[in-house]
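Here is a short report on one protein structure. Keep the sequence and the 3D view open while you read.

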Amino acid sequence: MFRRLIVSLLALLVGLALPAGAIAQEYLFRVDRESVDVFWNADGSESIEYTFTFTNQPGAHAIDFVDVGMPNPNFDLSTAAADVNGTSVQVSQSDYQGTGSGFSVVMGSSTIQPGGSGSVHVVVGRVTQVLHPDD
């Protein structure tokens, strides 16, 4: 009887431990391509266009946010737009997890699933205080 109780408890503990390991997924992806184009605006500000192509690894967490770093905090988020494979998605400064200045692309229903790939395109129309006098 005692032995049966021990075996049952061990089986229960093993059963409870297995789902926790299966649920804990990590982000694991490859950046196949990154393109950054910078354009000068007539007022001396700049606009930036990013294109990232990701391949998400099988068994990894879905890519549901992409953090985009900016050269300084003087960017106008209202001029930012993003799409994933041509489908418009949201941008958010409050979801940004990076260091320094930037914002997040909120993938929404356009998440890149494990084993899948996708292209994230971002345009920021106005970044100021990027030109400085040189001695």
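Asn85 is found in the loop between S4 and S5. Strands, like helices, are DSSP runs numbered from the N terminus (a strand is E, at least two residues; a helix is H or I, at least four residues). Phi of Asn85 is near 50°, a positive value in a residue other than glycine. Most residues other than glycine have a negative phi. Asn85 is exposed, because its relative accessible area is 52%. The cut-offs are these: buried means under 20% relative accessible area, exposed means over 50%, and partly exposed lies in between, with a 1.4 Å probe and protein chains only.

Gln129 also has a positive phi, of about 60°, although it is not a glycine. Gln129 sits in the segment after S7. With a relative accessible area of 55%, Gln129 is exposed.

A word on the source: this is a predicted model, in which local features need pLDDT of at least 70, side-chain atom pairs count only at pLDDT 80 or more, and totals for chains, interfaces and linings use all residues. Residues are numbered from 1 along each chain as its sequence is written, and side-chain values use heavy atoms, with hydrogens and water left out.

**The overall fold**

The protein has 1 helix and 7 strands. Along the sequence, the pattern reads α-β-β-β-β-β-β-β. Buried residues make up 29% of the 135 residues.

How are the strands arranged in the sheet? The 7 strands form an open sheet in the order S1-S2-S7-S4-S5-S6-S3, and the pairing is antiparallel. The edge strands are S1 and S3 (65–69), and each pairs on one side only. Neighbouring strands of this sheet are turned by 25° against each other on average, direction ignored. For such angles, axes are lines fitted to C-alpha atoms (for helices over the stretch in contact), and angles run from 0 to 180 degrees between N-to-C directions.

Strand S4 (residues 80–84) and strand S5 (residues 87–92) pair in the antiparallel sense over 3 bridges. Two strands pair if DSSP finds at least two bridges between them. Asp83 stands opposite Ser88 in S5.

**Aromatic contacts**

The structure holds 4 aromatic pairs. One of them joins Phe29 and Phe54, with 5.4 Å centre to centre and 80° between the planes, an edge-to-face pair. Rings of Phe, Tyr and Trp (its six-membered ring) pair if their centres lie within 6.5 Å; planes under 30 degrees apart count as stacked, over 60 as edge-to-face and the rest as tilted. Phe29 lies in strand S1 and Phe54 in strand S2 (residues 46–56), so the pair ties together parts that are 25 residues apart in sequence.

Phe54 is buried, with a relative accessible area of 5%. Phe29, Tyr50, Phe52 and Phe54 form one aromatic cluster.

Phe29 also belongs to a surface patch. Tyr27, Phe29, Val31 and Phe65 form this nonpolar patch, with about 370 Å² of accessible area together. Patches are made of residues with over 30% relative accessible area and no salt bridge; like charges are joined within 9 Å, and nonpolar side chains (Val, Leu, Ile, Met, Phe, Trp, Tyr) within 5 Å. Accessible areas come from the Shrake-Rupley method with a 1.4 Å probe, and for residues only the protein chains shown count as cover.

**Salt bridges**

A search of the whole structure finds 2 salt bridges. A salt bridge is a side-chain nitrogen of Lys or Arg within 4 Å of a carboxyl oxygen of Asp or Glu.

| Salt bridge | N to O distance |
|---|---|
| Arg30 and Asp32 | 2.5 Å |
| Asp43 and Arg126 | 2.3 Å |

Asp43 lies in the loop between S1 and S2 and Arg126 in strand S7 (residues 117–127), so the pair ties together parts that are 83 residues apart in sequence. Arg126 counts as partly exposed, at 32% relative accessibility. Arg30 is partly exposed at 44%, and Asp32 is partly exposed at 39%.

The loop between S1 and S2 also holds Ser45. Ser45 counts as buried, because its relative accessibility is 3%. Ser45 and Val127 are 82 residues apart in sequence and 5.5 Å apart in space, C-alpha to C-alpha.
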